[in-house]
Amino acid sequence: MATETLRPEDAKRALTEAYPTKAARKRAKQIVVNAPPDAEGFRPPILSNTRTTPGVITQRGCSYAGCKGVILGPVRDILTITHGPVGCGFYSWLTRRNQTRPPSEDAPNYMPYALMTDMQENDIVFGGEKKLRKAIREAYEIFRPKAIAIAATCPVGLIGDDIHAVARDMKEELGINVFAFSCEGYKGVSQSAGHHIANNGIFEHVVGTRDEPPGGKFRINLLGEYNIGGDAFEIERILELCGITLVSTFSGNASYDQFARAHTADLNAVMCHRSINYMAEMTEEKYGIPWIKVNFIGAEATAKSLRKIAQYFGDPDLVERVEQVTADEMSRVRAVIDEVRPRTEGKTAMLFVGGSRAHHYQELFREIGMRTVAAGYEFGHRDDYEGRKVLPFIKIDADSRNIEELDVEPDPERYRPRKPPEELEALRAQGLDLGEYEGLMADMEEGSLVIDDITHYETERLIELYRPDVFCAGIKEKYVIQKHGIPMKQLHNYDYHGPYAGFRGAVRFYREIDRMASTRIWRHVTPPWAQDPRPETLRQAS
Amino acid sequence: MLLRHTPKELRKRSALTVNPAKTCQPVGALYAALGVHRCLPHSHGSQGCCAYHRSMLTRHTKEPVMAATSSFTEGASVFGGMANLTQAIENIFALYDPDVVAVHTTCLSEVIGDDIPQIVRNAADAGKIPEGRTVIHANTPSFVGSHITGFANMTRALVEYFAEPGAAPTKRINVIPGFVEPSDMAELKRLAAEMGVEILLFPDTSGVLAAPMTGRHEFYPEGGVRVEDLRTVGGSLATLALGAWASAPAAEALEKKAQVSFEVLDTPIGLLATDRFVDALRRIGGVEATVSVTRERGRLVDLLADMSQYFYGKKVALVGDPDPVIALTEFCLTLDMKPVHVVTGTPGKRFEERVRGLLEEAGVEGNVAQASDMFHFHQLIKNEPVDLIIGNTYCKYIARDERTPLVRHGFPVLDRVGHQFFPTVGYRGAMRLAEKILDAFLDRADRETDETAFELVL
């Protein structure tokens, strides 16, 4: 296999040599050969959350996609109106595969609807606020929602429409919650800016507006889980088995009311650190809710996450129940691993996707004996690669400075430290990593390649150099990879499959990778006559 | 119900679009640019636009869709996108070595007012465009028209940039296919070749977005109209613009630039529109309609006549882009079906006039709307139910809620394959459409008919 003889440093050189000088310099800082931590525990630094160089062909999308698509997208009963020309609202219409389960047949579910102001030239020239107001009124008349969100697209900021003023007025006029997101596509350098903007908006306008907690002894929020292909349903099933109450998910299978009372939970469990750590930090400061990093992708990772939650609550019954559930589920998981592993053992994977999946999915591959030889995020920051201990050293550039940081203080009435400081300290001493995230590099092999915001050019070179057995990315990369004769797994939308979270999801993923690695069609890419292209007569002659 | 909040009661909306039946210009421009050999489309705006367009076109075609972006940030939005585009041009040629870079604008760069030709000239002066390569552009503001307008604008740009006024006369006919599938473009070429008429089809995505699996990704597949051919379109006998919305602007530009006369025809979907296309090829190309094409036609008429009982009187609702929907309306009328709701999202009053004209001639009463949306389309169906819906994948939500069969047609079709390979233009395309419509009716009958009336034979 090529990977055995190829030095990662040489691979890195091969990836960057075609770039013009300036671009090559930048890319060299975004491609890192993973190395063990230094004496102080730091990994090699990786340039990330930085502007994509124009023209390179990037995987990345925009701030609007991060706000309207990722964070608001999975929420079924906030009616989101896109203020802008038709495209943005059209492309974000049902394309992310967020599933949702309204409590009843007639309960609100706005997800199959795309609402927009479809700005025309006149609106651009004379301003679109009037049209937006009117659109909100028309939407209210049809849908009667309890909340309306407004999402801005590129031209809105430039022409100076004050969508927040419109939101305030309409809130007053309609008597429902109306709030706006200035998530113009040019903000920040990727979807990541949109996540931050969405977190801020939901935190400011929704969280903390309903004080009655749900029942249950162990109440948590799940942060950064978006219910792609039904992942959230599997996690909900497991939490229920364990007797853990889910107050709110941000934002898979979520509803407005769940957000509104999220501050009544006693722990925030963070899945996708990149997209939602803001919410974790802000709710800790304002309401006193600690957070831990969890990962429900991978069976072992799921078991570990459940144990962490149990450890936090420190209730012996809960600890016991988690162990029972885990043991029970793992016996079924192991049977499938044993079945699949002979075919997957030693195979290689590459993952270039999102802001957490490129990390989380390595767990699943590991469980069936596969190695991740290269990975990276589309919109991760340094802390997602190197761990949160680099946070104090991250330089804030102009693009990040433009994204508002909310000034959060303890809520005079609702702030309630969930545990006294000495108890939290004791938990830390026992190894519970409260408020910590180690990042992707910590879980990757020495000598593996870590590549931020990989370009199309690098993707193709990487495939030629390594010929991995499975490549994971998104829809734009899907058929490029497969044209190379390598099976490709989409980890944004799961190729319309899934769920892959939790125990049952892990089993489904193992079988899916088994299928991909053993599918017969890949053996038939070369036609039989290309193996000996000479006509029969010539063959006989020789 | 999936669309549980859509009421039957129609209420006038003047500001809110719900579930659009169109999208924005740039995606059409990107698609058109892919129909040029060794061309890399480039989106001048925020990188989300390009990501969305590539994703949507990939989901539709199940093929790699290559395009670059200027990756605007807040700085570019304030100071203009010159630095970004200049840098993009340099990187694109270094990494991807195209013959042509086709820049289209976005709402952002249009609002800023970036002067693309000026930026490109500066880049050329600075030596950033290699010898013999071209950077072309089309203005495609998302707040005007639709994806069809964008397709039309980029196609016109091909004429404006490449067509040479004094090109030597040829015996060729230019054919502008409009925003149709790669398979449709291939079929138009086949049909013309069958008749012995030499055509130059542009743009032509047929060999670009239907690439074979070879074990290697070809960044620039075999297909696409050649730049050297585009330079000669000014010498052609005439131009056939298939579709008033998508194709007429380029044909008009070519007439102005090189005095090539043109005819605007409907997209050749269905018997009659194909007849007019074939007849135009025959007339202008100075050939007889070949036996083989006449046979193809005969086979189609044979099928439609034999199966008439299943089509006759069935109510149908159509939604999609103006050019194909006009042709589909006519085809449904040929089948004696009743197109009772005909809707497009793309603006243009001519659409209503044209469709109304077709309906009146056939004595069918129907609702016709342009610049409308799928929410309205759905409401129309709730008020007057139909036997069949023809439209893109988004119609499946309506189809399921209203328990109505759906034939997928148009852009985008995200949840089925086939449109990449099997055309719906020409006589063969019409046979396929007829087959699909028939299947939709008969599958439903087989599923729902009372057991005693269950039929073995058609």
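**View 1. An antiparallel strand pairing between chain A and chain B.** In this predicted model, strand β3 (residues 115-116) of chain A and strand β1 (residues 17-18) of chain B run antiparallel and are joined by two bridges. Within this pairing, the residue of chain B that stands opposite Met116(A) is Thr17(B), which belongs to β1(B).

**View 2. The contact between chain A and chain B.** Chain A contributes 84 residues to the contact, and chain B contributes 73 residues. The size of an interface is often given as the accessible area lost when the parts come together. Here the two chains bury about 6900 Å² between them, with 63% of that area on carbon and sulfur atoms. On the side of chain A, the residues that lose the most area to chain B are Pro54(A), Tyr91(A) and Lys483(A), which together account for 12% of what that side buries.

**View 3. A salt bridge between Lys483(A) and Glu63(B).** The side chain of Lys483(A), a residue also named among those of chain A that lose the most area to chain B, meets the side chain of Glu63(B) in a salt bridge, at 2.7 Å from N to O. The count of salt bridges between chain A and chain B is four.

**View 4. Polar contacts, and the side of chain A that touches chain B.** Between the two chains, 36 residue pairs are in polar contact, counting pairs in which both residues are at pLDDT 80 or more. Helix α7 (residues 129-143) of chain A gives the most to the side of chain A that touches chain B, supplying eight residues. By residue class, that side of chain A divides into 46 nonpolar, 20 polar and 18 charged residues.

Conventions
Residues are numbered from 1 along each chain as its sequence is written. Chains are lettered from A and ligands numbered from 1 in the order in which they are written. This is a predicted model: local features need pLDDT of at least 70, side-chain atom pairs count only at pLDDT 80 or more; totals for chains, interfaces and linings use all residues. Side-chain values use heavy atoms; hydrogens and water are left out. Contact means heavy atoms within 4.5 Å. Buried area is the accessible area (1.4 Å probe) that two parts lose on being put together, summed over both. A polar contact is a pair of N or O atoms within 3.5 Å; within protein, one must be able to donate a hydrogen and the other to accept it, and residues adjacent in sequence count only if both atoms are side-chain atoms. Helices (H or I, at least four residues) and strands (E, at least two) are DSSP runs, numbered from the N terminus. Ala, Val, Leu, Ile, Met, Phe, Trp, Tyr, Cys and Pro count as nonpolar, Asp, Glu, Lys and Arg as charged, and the others, Gly among them, as polar. Two strands pair if DSSP finds at least two bridges between them.
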